[in-house]
Amino acid sequence: MRTALLRQAPHTRAGIGRRTTVESKAAEVAAWCARRGWPVFPLRAGHKTPRPGCSRCRQASDHYVPHAPAGCPCITQGRWCHGFYAATLDTERVARWWRERPVPGVGVATGPASLVVVDVDCHADGPVAASRVLPGFDVSEQEAQEVRTGLDTWKLLARLAGGPDAADAVQTLTVATPSGGRHLWFTAPRGTRWASSAGGDHGGRALGWQLDVRAEGGYIVAPGTLTQTGAYRAVGKVRLPALLPGWLAGALQRTGHLLQSVPRPRATAVPNLARQVAAPQAESAWASAVVATALAQVTECERLPEGSGWSTKLNKAAFTIGGLVAAGLVASDADARRALADAAMQARPQREQEAHRIIRSGLIAGQRRPLNPTKDR
């Protein structure tokens with residue numbers, strides 16, 4: 001299925017025996033999500049809630065038998081009982097579920113899909129107390145007075161956490177909700193697990209006021225799903241989730257959303273990178289040592305949290321290696337960029353665009369001051 005299936009489709013109500021364009025694509029959207037490794041389950045037709053299971057598994061049923069979703073035989077038998085706990089990647093099961101009538105909507109289990117989705121509500125309920133706007137940050141009363149909806153909270157979060165100036169223009173899969181809100185989809189960094197939370201109205205863990213987080217133990221409505229109040233439709237040009245950006249990951253960590261972080265295996269060792277970069281001449285041993293030291297300071301940030309000076313260290317490394325390029329002690333400018341980018345991505349894989357900008361400016365500045373092995377030891 002092409003990602004064009006996630007483009008906006010008309011909302012028109014169907015007559016008897018007919019379905020809307022959005023409904024007719026539900027099976028394809030479900031299959032597309034499953035192929036991407038996002039487990040799916042059926043939602044009630046016309047609603048954003050899970051399709052009810054059998055009478056034994058429905059708590060409102062007279063035949064309900066208390067039991068945990070894990071290990072429920074209904075799930076192993078291919079039923080959709082227990083909502084997102086029944087989410088699957090099995091192609092035959094997905095095809096069978098979405099042949100049902102009325103056509104179910106598509107829910108995605110965010111935890112097993114390694115997704116972190118920020119649900120930005122846009123209910124005009126503000127202003128709100130400063131202490132409730134962004135629990136992980138100091139918000140002034142003046143800033144709080146300017147917050148009217150979750151979109152205002154999201155923009156303030158981006159500004160305080162070091163995100164992009166236009167927070168509502170984040171380049172990731174963005175889904176408009178029938179209520180006027182936005183779902184911002186991100187891929188969790190490898191080896192990390194993140195908690196779900198409500199948007200500051202119910203106590204406990206919260207990213208921000210009217211900012212819900214859908215991750216472990218939660219689900220999100222897939223774009224293309226039609227409800228009684230309207231359609232969930234992808235907006236903008238991006239149709240895939242971006243990697244969770246560093247500024248947002250840092251904010252989520254500050255507010256207790258990080259459940260697990262498993263260290264990633266190291267990529268190319270720094271000494272090997274340094275030997276590849278240094279020019280093959282008498283001074284290469286000294287140049288290799290300089291490059292290795294500069295790159296190591298960047299890669300060491302892999303073990304440190306956000307805010308540990310990664311950008312400063314990367315800029316300093318680029319400036320230093322730029323001086324070696326100008327002195328002819330580095331094989332080429334392209335090799336320098338590649339080694340710096342490898343080190344930067346090893347430490348902060350979610351900040352690729354920023355890394356390339358820092359590397360470019362640092363190398364240019366460094367090449368104005370060639371490093372001399374006899375004077376700069």
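## A buried phenylalanine

Buried means under 20% relative accessible area, exposed over 50%, and partly exposed in between, with a 1.4 Å probe and protein chains only. Phenylalanine 186 has 1% relative accessibility, so it counts as buried. This is a predicted model: local features need pLDDT of at least 70, side-chain atom pairs count only at pLDDT 80 or more, and totals for chains, interfaces and linings use all residues. Residues are numbered from 1 along each chain as its sequence is written, and side-chain values use heavy atoms, with hydrogens and water left out.

Phenylalanine 186 lies in strand β5, residues 182–187. Helices (H or I, at least four residues) and strands (E, at least two) are DSSP runs, numbered from the N terminus. Neighbours within four places in sequence aside, phenylalanine 186 has contacts (heavy atoms within 4.5 Å) that include Leu115, Val170, Pro241 and Leu248. Leucine 115 is 71 residues away along the chain, yet the two C-alpha atoms are separated by 5.7 Å.

Two packed helices are described by the angle between their axes and the distance between the axes. Axes are lines fitted to C-alpha atoms, for helices over the stretch in contact, and angles run from 0 to 180 degrees between N-to-C directions.

The axes of α7 (residues 150–161) and α8 (residues 246–254) come within 9 Å and cross at roughly 100 degrees. That makes α7 roughly perpendicular to α8; the term covers 65 to 115 degrees, while angles under 35 count as roughly parallel, over 145 as roughly antiparallel and the rest as oblique. On the α7 side are Trp154, Leu157, Ala158 and Ala161; they meet Trp247, Leu248 and Ala251 of α8.

## Salt bridges

Side chains of opposite charge can pair when their charged atoms come close. A salt bridge is a side-chain nitrogen of Lys or Arg within 4 Å of a carboxyl oxygen of Asp or Glu. The structure holds seven.

One of them joins glutamate 143 and arginine 159, at 3.0 Å from N to O. Glutamate 143 is in helix α6 (residues 141–145) and arginine 159 in α7, 16 residues apart. Glutamate 143 is buried at 17% relative accessibility, whereas arginine 159 is exposed at 52%.

Aspartate 333 pairs with arginine 337, their closest N and O atoms being 2.7 Å apart. Both sit in helix α12 (residues 333–347), four residues apart, so about one helical turn separates them. Aspartate 333 is partly exposed at 26%, and arginine 337 is partly exposed at 31%.
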